[in-house]
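Dear colleague,

I am handing over the structure we spoke about, with the sequence alongside.

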Amino acid sequence: MADEATRRVVSEIPVLKTNAGPRDRELWVQRLKEEYQSLIRYVENNKNADNDWFRLESNKEGTRWFGKCWYIHDLLKYEFDIEFDIPVTYPATAPEIAVPELDGKTAKMYRGGKICLTDHFKPLWARNVPKFGLAHLMALGLGPWLAVEIPDLIQKGVIQHKEKCNQ
Amino acid sequence: MNRLFFQPHQAGLSKVQAAEYTLRNINPDVLFEVHNYNITTVENFQHFMDRISNGGLEEGKPVDLVLSCVDNFEARMTINTACNELGQTWMESGVSENAVSGHIQLIIPGESACFACAPPLVVAANIDEKTLKREGVCAASLPTTMGVVAGILVQNVLKFLLNFGTVSFYLGYNAMQDFFPTMSMKPNPQCDDRNCRKHQEEYKKKVAALPKQEAIQEEEEIIHEDNEWGIELVSEVSEEELKNSSGPIPDLPEGITVAYTVPKKQEDSVAEVTVEDSGESLEDLMAKMKNM
């Protein structure tokens, strides 16, 4: 189960109501609105807690999402591009987030840069369908993954800060 | 599937492309249609459903059976969604994360549980998971487990398509204890998938409309109307001979028996001639044979 701090953060993310996927036409539009509302609120919470760690936006249909995430380690800020598709079975199944530039650099990742989440994530998501949305995916999926993998990758020298690269 | 097909000289090919080449070499008479894409996206899903509906032996007709050999939950749910929408019978297969168990499942929309009717089934391991899983390490894989599951899947397909034996709705494989649990699961009336519920209603109506099945009939004895020559069927071996050539049957669990039995040593009931030692050497005997 997620640690205490994560649980607190998640409890402050608004839950969603509409159980609709990308093939559900008007209902999907309704769901998309709820996704954006929940995400906006989550980002606001993060800013207030001085932990503004990601941005996300989507295409017009809301089926393709992309953005950036940041991780601070030893006072240095690392930035990564992220992307994912909404699967037809959403929200019964969660999207698979990809960090393409880290593809092949860690074992906790599938081909194409899709991150490998812990055993806890899928049952947790399944138990909370359709209340959990993309904001929860970020908080419970990508966030913890970055927290474990990035320090490890930095320590192994697999990734370097952009400033160091340009020297 | 990838571990059963991929060979070093195929590096760089997609899994399905390598599979097609290998299978075509095994049997050139089979027709293949290969697609390599992520079926969970909205665009690809439409194409996927279209091929199920139109990719039968005759283009435009649906396929007879879909076999799911994917390795993740999301893809399975997607196949489930497609088959529920199309009323398509399919078989799902899989191997566990720790590689020591697997299963196959036959899903007939409305008649048996679909993949979304219940949380994912797990073949009980009866082992301390801690001995297998280490923190921070991902899935294991054993091509042996996959080979077994592939075998029972195809076996089930043959029985289903050719109508023999008992087709299992669910067959599990526990490699640690060599246990094969079977069962069938009814659909969940409150399944999250609307199409599953729809097919359940249709199936109930279909069953209610069937004529009542008669009780199992006794196998009729073949009696000829006339038997002018008084022909009787008699065993070639007498009762007594049968008894003398049978031995004890060992104590075996249900489902296992011996191919034949060996009688206990007893007094010769049949006259026999035994070889004699004439005192000739081996060379003598060989020469004797040559001169015959």
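This is a predicted model: local features need pLDDT of at least 70, side-chain atom pairs count only at pLDDT 80 or more; totals for chains, interfaces and linings use all residues.

Residues are numbered from 1 along each chain as its sequence is written, chains are lettered from A and ligands numbered from 1 in the order in which they are written, and side-chain values use heavy atoms, with hydrogens and water left out.

Chain A holds an open sheet of three strands in the order β1-β2-β3, with antiparallel pairing (strands are DSSP runs of E of at least two residues, and helices are runs of H or I of at least four, both numbered from the N terminus; two strands pair if DSSP finds at least two bridges between them). Its edge strands, each pairing on one side only, are β1 (54-58) and β3 (76-85) of chain A. Strand β2 (residues 64-73) of chain A is joined to β3(A) by ten bridges; among the facing residues, A:Trp65 has A:Phe84 as its bridge partner, and A:Gly67 stands opposite A:Ile82. Two residues lie between the strands in the hairpin of β2(A) and β3(A), where A:Asp74 takes a positive phi near 55 degrees.

Turning to the helices, α4 (residues 134-155) of chain A lies across β1, β2 and β3 of chain A and runs at about 45 degrees to β2(A) (axes are lines fitted to C-alpha atoms, for helices over the stretch in contact, and angles run from 0 to 180 degrees between N-to-C directions). The axes of α2(A) and α4(A) come within 7 Å and cross at roughly 45 degrees, which means that α2(A) is oblique to α4(A) (under 35 degrees counts as roughly parallel, over 145 as roughly antiparallel, 65 to 115 as roughly perpendicular, and the rest as oblique).

Between the chains, the contact takes 16 residues from chain A and 17 residues from chain B. Two salt bridges are counted between chain B and chain A (a side-chain nitrogen of Lys or Arg within 4 Å of a carboxyl oxygen of Asp or Glu), and the side chains of A:Arg23 and B:Glu85 meet in a salt bridge at 3.0 Å, N to O.

Technical notes. Contact means heavy atoms within 4.5 Å.
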